[in-house]
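Have a look at the model first, then read on.

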Amino acid sequence: MFYFTKETLIKYHQLPFWNNLFFSGTPLLPDPQAPIFYLPNIIFLFFRNIDAGFMVSVFIHIFFSGIGMYLLSLLGFKFSKKISIILSILYVFSPKLSGYIEAGHYGLIASWSWLPFVFLFTILLSRKQTFKNIFLLSVFLALIFYTHLLIFIIAVISSGFLFLFLISQGKKNIVKKIIYFSLVGIFSFGFVAIALLPQLSWQNQTTRNLLLIHPDVYPKWLSKAEFIKAAFSPILFGGNFIQNLDTEKIIGIGFFVSFLSFVGFLNLNTKNKTLVGLISLIIILISLNNASPIYNLLIRENWYILFRVSTRFWFLIVFIALFLAGLGIQSLLKFKKIKFLIYIIIFLAIIESLLTSWTKIIHPIQTDTTAAPRELYEFLSSDKSMFRVFCLNRCLSQKEAANYHLQLADGYGTLQQINYYDESEQLSQSYFNMRYTLSIPPFEIFDYENLQPYSPELSQYNIKYIISNHLLTDKNLQLIKIFGQYLVYKNKINLPRSNYPINIYTPNFIQVNTSNYKSNSLILSEVYNQDWYAFANGNRSLKINETLSKTREVSINKNTKFVNFVYKPTSFIFGLAITTTTIITSFFIFAVNTFKNKKKYSKH
């Protein structure tokens, strides 16, 4: 998506709202993992090599995560500079972050950077209700929204509970403070409306709700013992234990951090001990997933199923543990006789976190034995006509497909359009059993079946080439090349992208030339989506119908010289207006406050 977005910006001078590279075309604007509105991604425009851009961006995000934790500790928790530096280092070395880095989960890495700032400005807002604190809390919540939607939801709820807890400690102006915090909700919504409204609009057209048909939440723990080992100090059980844990099981707090946290816990008053203990217990019971004693209750809850990963909540445990560890260090350092011993424990806590994280990160990348050779990409890209490719076991890398400008019928992503999910069963001639899947075709299918695609249905999607690691029996599929284990077939009855010539083809806009009238039906081999609009001769609105194959069809007449297809969701227009208004309002309030402050100081 990053390669595609950058190329679209450079080539067409516009953000791509529609992704025509994967799934035979799919919305990008409402995709929660889309990179298009996350401002720090501007950095990728300055790198010829996107891979290098990722390295720099990840480094910068990790750096800011340390800065954020330092400020949270110093200004929020009111620890000393020394303790704040220690907690900052522990946060950066957190095994939870290392799991994201090892998996290359860019969105979670980025969200990790802004979480400390969210908690910091929640605390500061509870102390002093100023527009600056409201604005900055809203901005950091928005940054998390644009990096990871589920972390954003948890962060919003956590920030709200933390704020209510903090203001409940005093008895003055509670209602007024709640009103100020509600402004955070209004400004946060304003900053994210440009993406949130399209996401909400598209949600019912996606495969996400398939999770509710066949509930399946990760990670699957082998036992409670595995969870305890992973959560407590996985390094004690050896490098193989850590490396065999999948990304979502990397939740280690560490033996020494746990010790310091326990000391800090003992220094809490009874009320706060109860609260911290209860919150921690709830998160642990959720994170245990299939090993949880309340699993049968959880798996019946839609919110739990839709979260899909139970350990998404674990970052809260990390913050609780570090806060308690800071309290523990603060209380122990009062005993001058054991100060040297305390510093040794702190040093060991840092080393333990670093070793645990490093052991996970240095795990060698497994060679993808299904990856297609580069010669195959070069062969496909040598065909300059418009077509799609379908690899039956997803052997084509989406990144390389973007580099070689190849459009795929298959793909991998968090969400797919439900109509294309249904249609892909016809393309591959397999039965998906209405299960939620990240890939099309699902790996649970192609790993165990030799798919035999149906050429007439492939033709409806302009699928010219089919790549297979086994022989295909359809007589319309002609074997033309062999690259290692892969057989390249050509669909002899392939149809063009449209039954009329295409003048312009960009992610957000397609123009079809209908001046040479031959049929009153214009068929475009693009996935039907309700947010595409058609205009005859550029002005008269046409209704787009969904064909039996889930493609687009419009009716035209002899007077129609061309048809413009435009992707512009109404929800985006409203969202853009709200976000623009919010930004302008924010700057206006800042300008007014700055003017008032200058006037105030000039009088003095």
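On a 1 Å grid over the protein atoms alone, a pocket is an open set of points with protein on both sides within 12 Å along at least five of seven lines, and its lining residues have an atom within 4 Å of a point. Grid points are joined across faces, edges and corners, and a volume is the space filled by probe spheres set on the points. This is a predicted model, where local features need pLDDT of at least 70, side-chain atom pairs count only at pLDDT 80 or more, and totals for chains, interfaces and linings use all residues. Numbering starts from 1 along each chain as its sequence is written, and side-chain values use heavy atoms, with hydrogens and water left out.

**Pocket**
- The second largest pocket holds about 1,200 Å³ of space.
- Its lining has 33 residues, and Ser158, Phe161, Leu162, Ile279 and Ile320 lie nearest the centre.
- Helix 7 gives the largest share of that lining, eight residues (helices are DSSP runs of H or I, at least four residues, numbered from the N terminus).

**Core**
- Leu396 and Phe565 touch the most other members of the largest nonpolar core, which has 175 residues (buried Ala, Val, Leu, Ile, Met, Phe, Trp, Tyr and Cys joined through side-chain atoms within 4.5 Å; buried means under 20% relative accessible area, with a 1.4 Å probe and protein chains only).
- Helix 5 (residues 106-127) supplies the largest share of this core, 15 residues.

Key. Buried < 20%, exposed > 50% of the residue type's maximum accessible area, 1.4 Å probe, protein only. Helix = DSSP H or I, 4+ residues; strand = E, 2+ residues; numbered from the N terminus. 1 Å grid on protein atoms, 1.4 Å probe; cavity = no way out; pocket = protein on both sides within 12 Å on 5 of 7 lines; lining within 4 Å.
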